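Please keep the sequence and the structure in view while reading.

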Amino acid sequence: MILRSLTTDDTSLAPDWLRGRRMLPDRWRDEHTRTLIAEDGAGEPMGAATMWTSPVHPDRYSVDLVVAPDHRRAGIATALLEALAELQPEPKRFIWGAAETDPAHGFAATFGARTIQRAPLDTFQTSRAGRLRPRDDIASAAAVSRVALEQAWVDMYEWTHADWHPVGPDTRAALVEDLWDEIDPHLSSIAVSATGAIDAVLLVFIDGGQPVVAGETVSRDTPAGTRLLEGCARRTFNLLAGAGFAETLLDAHETDPHFAPLFDALGPVTRWHRIVEFRP
Ligand SMILES: CC(C)(COP(=O)(O)OP(=O)(O)OC[C@H]1O[C@@H](n2cnc3c(N)ncnc32)[C@H](O)[C@@H]1OP(=O)(O)O)[C@@H](O)C(=O)NCCC(=O)NCCS
């Protein structure tokens, strides 16, 4: 087996099993974005692997691997992963996620993969709004300025990721880069305190397909946080239903202390996306 950098030529000639996956040429951004291909002695590709750092989460390398179906269980993915680890300028763990039932978790398990997060994969019925209690301190996200909403989102994002996938320094710009274009502020909800501060934020992301709802309280210790999220979810789910969206996805985490307690009322969750970290 030969391991070498994946080039632009490889991506244009990619076999079917590789074409479906996003494998960009080696060093597509810098020395933290690497892609290798494994070939047999005749130059036939047998597998490929890529790793990259995220501008928002520089703590680990995201990774993806694929091996041609005819060549699986012959150690090719293991060799590719070990080679990627060797290429890291500073050694960091890999992070990867898939549906909990994905057989590739068996591969990650051989490197002692540790679960760091789970997220619901189900679609949620917006008619479930009726199970949630209303509050009178909930408003449309369109009622506050773009700057205030972006700050609330950044503050919320930072603390909800701090314990398992911390954001790097100076990531504010990356976190809000496309935010305003991706959300519907009228369907999105906020909880507003007596002093006018945003206490909780629940945004609706719409890209033409199914909506995605994401949010939490703006600080970790907001009193009555679950009740605030419940009020936001009730308003947003009601509006989504009224706008013709019978279902929505949630971008939420099992560890979100105020949102996760609502999963049962909104769902319940039957399928999980599991995120793991590992190192060869
Ligand atoms: C997951 C994948 C990359 C593994 O490639 P591979 O070359 O077959 O992996 P290896 O031969 O290096 O496997 C090493 C060990 O991992 C485990 N493993 C690999 N595939 C597994 C599977 N489908 N189910 C359970 N365990 C598995 C086994 O313990 C295996 O050792 P063994 O064959 O001696 O039992 C390959 O199945 C694939 O391309 N799947 C589709 C793409 C995908 O899911 N990619 C995400 C990978 S993180």
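Two strands are said to pair if DSSP finds at least two bridges between them. Helices (H or I, at least four residues) and strands (E, at least two) are DSSP runs, numbered from the N terminus. The model is predicted: local features need pLDDT of at least 70, side-chain atom pairs count only at pLDDT 80 or more, and totals for chains, interfaces and linings use all residues. Residues are numbered from 1 along each chain as its sequence is written.

**The six-stranded sheet**

With pairing defined in this way, an open sheet of six strands can be described, in the order S7-S12-S11-S10-S9-S8 and with mixed pairing. Strand S7 (123-125) and strand S8 (138-140) form the edges; each has a single partner strand, so one side of each is left without a neighbour in the sheet. From one strand to the next, the twist averages 30 degrees. For such angles, axes are lines fitted to C-alpha atoms, for helices over the stretch in contact, and the values run from 0 to 180 degrees between N-to-C directions.

Strand S8 pairs with strand S9 (residues 189-192) in the antiparallel sense over three bridges. Serine 140 has serine 189 in S9 as its bridge partner. Helix H5 (residues 146-161) packs on the sheet and touches strand S10 (198-205) and strand S11 (212-217), its direction making about 95 degrees with that of S10. Two residues are in contact if their C-beta atoms, placed from the backbone, lie within 7 Å. Helix H8 (residues 225-242) lies across S8, S9, S10, S11 and strand S12 (247-250), and runs at about 30 degrees to S10.

**The seven-stranded sheet**

Another open sheet has seven strands in the order S1-S2-S3-S4-S5-S13-S6, again with mixed pairing. Its edge strands are S1 (2-5) and S6 (114-120), each of which pairs on one side only. The twist here averages 25 degrees from one strand to the next. Strands of a sheet pair through backbone hydrogen bonds, either parallel or antiparallel.

| Strand pair | Sense | Bridges |
|---|---|---|
| S2 (residues 34-39) and S3 (residues 45-52) | antiparallel | six |
| S4 and S5 (residues 94-99) | parallel | two |
| S5 and S13 (residues 272-278) | antiparallel | six |

Individual residues illustrate these pairs. Alanine 38 has glycine 47 in S3 as its bridge partner, serine 62 stands opposite isoleucine 95 in S5, and tryptophan 96 is partnered by valine 276 in S13. Strand S4, helix H3 and strand S5 make a right-handed β-α-β unit. A crossover is right-handed if, with the strands pointing away from the viewer, the path from the first strand over the helix to the second runs clockwise.

**The two domains**

The protein chain is divided into domain 1 (2-92) and domain 2 (123-272), with bounds that come from an automatic or database domain assignment. Their C-alpha centres lie 35 Å apart. The contact takes five residues from domain 1 and seven residues from domain 2.

**The ligand**

How many residues surround the ligand? There are 17, and the closest are Arg72, Ala77, Thr78, Ala104 and Gly106. A residue is near a molecule if its C-beta atom, placed from the backbone, lies within 6 Å of it. Strand S4 (61-67), helix H3 (76-87) and helix H4 (104-109) each supply at least two residues of this shell, and H4 gives the largest share, four residues. By class, the shell divides into eleven nonpolar, four polar and two charged residues. Here Ala, Val, Leu, Ile, Met, Phe, Trp, Tyr, Cys and Pro count as nonpolar, Asp, Glu, Lys and Arg as charged, and the others, Gly among them, as polar.

**Backbone details**

Most residues other than glycine have a negative phi, and most peptide bonds are trans. Arginine 27, in the loop between helix H2 (16-19) and S2, has a positive phi near 60 degrees. A cis peptide bond, with omega about 0 degrees, joins glycine 267 and proline 268. Proline 268 lies in the loop between helix H9 (263-266) and S13.
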